[in-house]
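Have the viewer open as you go.

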Amino acid sequence: MTLRGWLRRKRVSAKDRIQSFPARPLSNSLSENIAELQNIFTLTPDLVIRTFESSFVEGTAAIVYLTGLVDKNSINNNILRPLLKQQARGDAKILDRISVGEVTVAYDFATVEKEIFEGSCIMLVEGRNEAFVLETHGWPQRAIEEPQLEAALKGAHQGFVETAIQNIALIRRYLPNRELKIKEFLVGDRGATRVSVLYLRDVVHPEVLQEMEDRIKLIRIDTILNSGELAELIEDNPFSPFPQFMVTERPDSAASHILQGKIVVMVDRSPSVLVGPATFSAFFQSVDDYSTRWLVATFIRMLRGMAFLIATFLPAVYIALISFNYEVIPLDLILSVGESRERVPFPPLLEAMIMELTLEMLREAGVRLPAPIGQTVGIVGGIVIGQAVVQAGVVSNIMVIVVAFTAISSFIIPNSDMGAAVRLLRFLMMGLAALFGIVGIIVGLMGLIGHLIQLESLGVPYGSPLAPVRFSDWKDFFVRLPLWSMKDRPVSSRVIQSKRQGDNRPRGDGK
Amino acid sequence: MKRYAFNELTVFQYIFLIHGAQVGIGVLSMPRELAEVAGTDGWISIILGWALAVIASLLIISIMKRYPDKTINDLLTLFFGKWLGKACIVLIALYCAVAAVTVITHTAAIINSWILSRTPGYVVTIFLAIPCYMIIQGGLRVLGRYAELIFYMTLWMPVVLMTAMPHTKWLYLLPIVKEGLGPIVTGTKSTILSFLGFELAFFLYPFLQRKQYASLGIIVANTLSMLIFLHITLFSYTFFSPDEITQYTWPTLNLWKVIEYRFLERMDIIFLAFYLFYLSTTSFPYLYFTVFSTSQMMGTVDHRKHLAIFLLLIVLALWLYTPNFIDLKKLTELWSFGGIVFGYALPALAVVPIWLLRRPSEERKA
């Protein structure tokens, strides 16, 4: 792991560049404190320092905050108004007048600075070497919406937002249980990101949890903007095409994973959470599976499995059959294929590459465009792919069918990361098929299996329940058996408490 | 002391590792080889061969049972001392290497003659070596998972073969034992090679999680292999006439040729491509235990460097010299000979002294 060592070294040297200030204590004098704060926050036009006299404090006081990060109503109504009101003081202390929920006291500038950046309001009082940290944060926020990437037909229509506290609340709504534990870490030296690890303490295996914590603690980086960045820093095999953490924006899906004994990692400012340890099969499941009837859900599961195979292998099989092993196709069929390929000047590999790349470009072009233009791309692409290309004799009709089929299949896979992995694998398989025909595909499959069976996520086998085979988990794999038959949590997530439900089998009237 | 705890195998993995190692190149040519010697009574030889294999496997288990934490390599050093033990390990590594090379060269040769007739053998071997390295570098645990998965993945093959049922004529089998017992017993000799694979229990036993199932597991593995051999052989015998069958080098492949659908012909090509999985489960354990032995002998824990060198050597050898079918046959014979020594003679000879040796120490403990 020389490469990893090299990366680590770079990261440490990056840390050395960041200047860390020694924790200076606050002084007794208000003016000195304010001067120091102004010294720290140079070129900060959004910093507000308001000094005032109040009958509740001895002398002058000041509140300091970054406008925009705070809730102004809270500051006006709950802090300033009661303090500015002329009233007999009586026995009341300063804090008794302030109607803000969370109040802490800070004694040094480092804490004060950090708290100001997090949207707290700091109150300094003349003659006191302490600062009151009033929790008033109220930064710009998005309303809770349904996640676009993981729309559910029957599930809840709530999705995570960019604030970790709200996201935790969303999960707590599903799991009001004292065993739901949340561990917080600060990751990043320049912009400390709050990373929360959520799990059920009596279910999660301590070793898996420890592994996750250790990996998060080892990170030395400027800041983490997104949970995808975190995933890339803590995953097991950085060279694998497969996602090793499940990424979801759905609170119900996250809660269901926590109940299965998995760990959810939430990154503040990111609307998607990581779920680990992930298994290969989990990427082919969706929350809707559990809210539709189990026979239907089973059918859809199998459809997805088939879609995975088609999306990975169909163009490769086409290439192999057309250019290598045409003896496998019966004569009549090969004649009709040959007829449609008559005018096509390209070898099958090139033909397939052109079409697959066109399709990928269309997809990528459509993804980031606003909806009206996106539709135009779709129409233009549809005409180009569907008709013009065939009429011009650039590719054959059958190739168009193959490409359309693979495209539809790759969109059936519910997880977009896995879909992307499949698309990459498809090109690899196409290359192998062009080199060695069917043998190439089989050897490619062998390599794929070889990779999948040794991949691990947080030290838990990724291929489970397929390899190592765990038949007890097959209830929720290719098939989705009735919910009452899944009495235990999946073995694949390595839990210490496996009972999930009692005997709930409905028996109708004849009990 | 549990040195091999990290690589523990479940009972199923143990069964399928042995079963996978048994079903390999033998299946493709077995019906012909048996028909040449024993005529249409060859299938009885398979059952006899199975009985022999089961007896030998049980002997192996009874030896390994006395030293539950040791592989055959550890045992040899224990009994013969450092240097003689090392010499024995070299022999065992050589045996495994011969087995692995035989299977790999056979694989390349079959692919070459049946599907990719214009691709040079060494190119095919280079290509095969990539997944080989990917899987074996993960160690025995990954091999076990692989063997188990492949078994389930290839379950469709005997079922599809059943669709050729209407073409079979079971009268070909009659009369049973038409030429006396002599040919049947001679035929047993040629099934010995196909049943080789159970001797891997010498290595696998210490890795097994639940050792009480070791004997049962190895019997199940042998029986599974026997059923597959029997299935293929009976089908070939009833499908081809007794004279026709000896004309094909690989009657099993010709058998698949007749299965046709309106959208698919030449099932044999697809079958053979999938058969690569079976061949891989035969060669991988032998490859692994070759490099396992050599790296253990050199005192290194990491077997990957040895694996890379070994694979490179195989590719290099095939690049310099493409073996013809006579060479392949000689290699197979060499492997059979080694297998008879290592799989049958060694346990038969070793069981008595080990039984005598261990007894007193156990009594002293009690």
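My entries follow, grouped by topic.

**Entry: ground rules**

I noted at the outset that this is a predicted model. I kept that in mind while looking up each residue below.

**Entry: how chain A is divided**

I looked up the domains of chain A and found domain 1 at 25-134, domain 2 at 164-278 and domain 3 at 295-461. I then checked how far apart the C-alpha centres of domain 1 and domain 3 of chain A are, and the answer is 62 Å.

**Entry: the nonpolar cores**

I asked how many residues the largest nonpolar core has, and which of them have the most contacts inside it. The core has 195 residues, and A:Ile441 and B:Ala201 have the most contacts within it. Domain 2 (164-278) and domain 3 (295-461) of chain A both contribute residues to this core, so it lies between them. My list also holds a second, separate core of 25 residues, with A:Ala61, A:Leu83, A:Ile122 and A:Leu124 among them.

I went back to B:Ala201 to see what it touches. Setting aside residues up to four places away in sequence, B:Ala201 touches B:Ile18, B:Ser57, B:Ile60, B:Ile61, B:Met64 and B:Ile218.

**Entry: where chain A meets chain B**

I looked up the contact between the chains: 24 residues come from chain A and 29 residues from chain B. Which element gives the largest share of the side of chain A that touches chain B? Helix 15 (residues 416-454) of chain A does, with 13 residues. By type, that side of chain A divides into 16 nonpolar, 7 polar and 1 charged.

**Entry: the five-strand sheet**

I traced an open sheet of 5 strands in chain A, in the order 1-2-4-5-3, with antiparallel pairing. Why is one side of strand 1 (47-53) and of strand 3 (103-106) of chain A left without a neighbour in the sheet? Each stands at an edge with a single partner strand, so one side has no neighbour there. On average, neighbouring strands of this sheet are turned by 25 degrees against each other, direction ignored.

In strand 5 of chain A, A:Phe132 is the bridge partner of A:Val105.

I also looked for what lies across the sheet. Helix 2 (residues 30-40) of chain A lies across strand 1, strand 2 (60-66) and strand 4 (121-125) of chain A, and runs at about 15 degrees to strand 2 of chain A.

Are the residues of strand 9 (residues 263-267) of chain A mostly buried or exposed? I found 5 of its 5 residues buried. Both faces are covered, with A:Ile263, A:Val265 and A:Val267 on one side and A:Val264 and A:Met266 on the other.

Strand 7 (residues 193-200) of chain A joins strand 9 of chain A through 4 bridges, and the two run antiparallel. In strand 9 of chain A, A:Val267 is the bridge partner of A:Val195. Strand 9 of chain A is also joined to strand 10 (residues 273-276) of chain A, by 3 bridges and again antiparallel. Here A:Ile263 has A:Gly276 in strand 10 of chain A as its bridge partner.

The hairpin of strand 9 and strand 10 of chain A has 5 residues between the strands. I stopped at A:Arg269 there, which has a positive phi of about 80 degrees although it is not a glycine. A:Arg269 is partly exposed, with 17 other C-beta atoms within 10 Å.

The bond from A:Gly276 to A:Pro277 is cis, with omega near -5 degrees, and A:Pro277 is in the loop between strand 10 and helix 10 (294-324) of chain A. The bond from A:Ser464 to A:Pro465 is also cis, with omega near 5 degrees. A:Pro465 is in the segment after strand 12 (460-461) of chain A.

A:Arg494 has a positive phi of about 55 degrees and is not a glycine. A:Arg494 is likewise in the segment after strand 12 of chain A.

**Entry: A:Asp71**

Last, I looked up A:Asp71, in the loop between strand 2 and helix 3 (72-84) of chain A. A:Asp71 counts as partly exposed, with 18 C-beta neighbours inside 10 Å. Leaving aside neighbours within four places in sequence, A:Asp71 is in contact with A:Thr136, A:His137 and A:Gly138.

Notes: Residues numbered from 1 in each chain as written. Chains lettered and ligands numbered in written order. Predicted model: local features only at pLDDT ≥ 70, side-chain atom pairs only at ≥ 80, totals over all residues. Core = buried A, V, L, I, M, F, W, Y, C linked by C-beta atoms within 7 Å. Buried ≥ 20, exposed ≤ 12 C-beta atoms within 10 Å, placed from the backbone. Domains from an automatic or database assignment. Contact = placed C-beta atoms within 7 Å. Nonpolar A, V, L, I, M, F, W, Y, C, P; charged D, E, K, R; others polar. Pairing = 2+ DSSP bridges. Axes fitted to C-alpha atoms, helices over the stretch in contact; angles between N-to-C directions.
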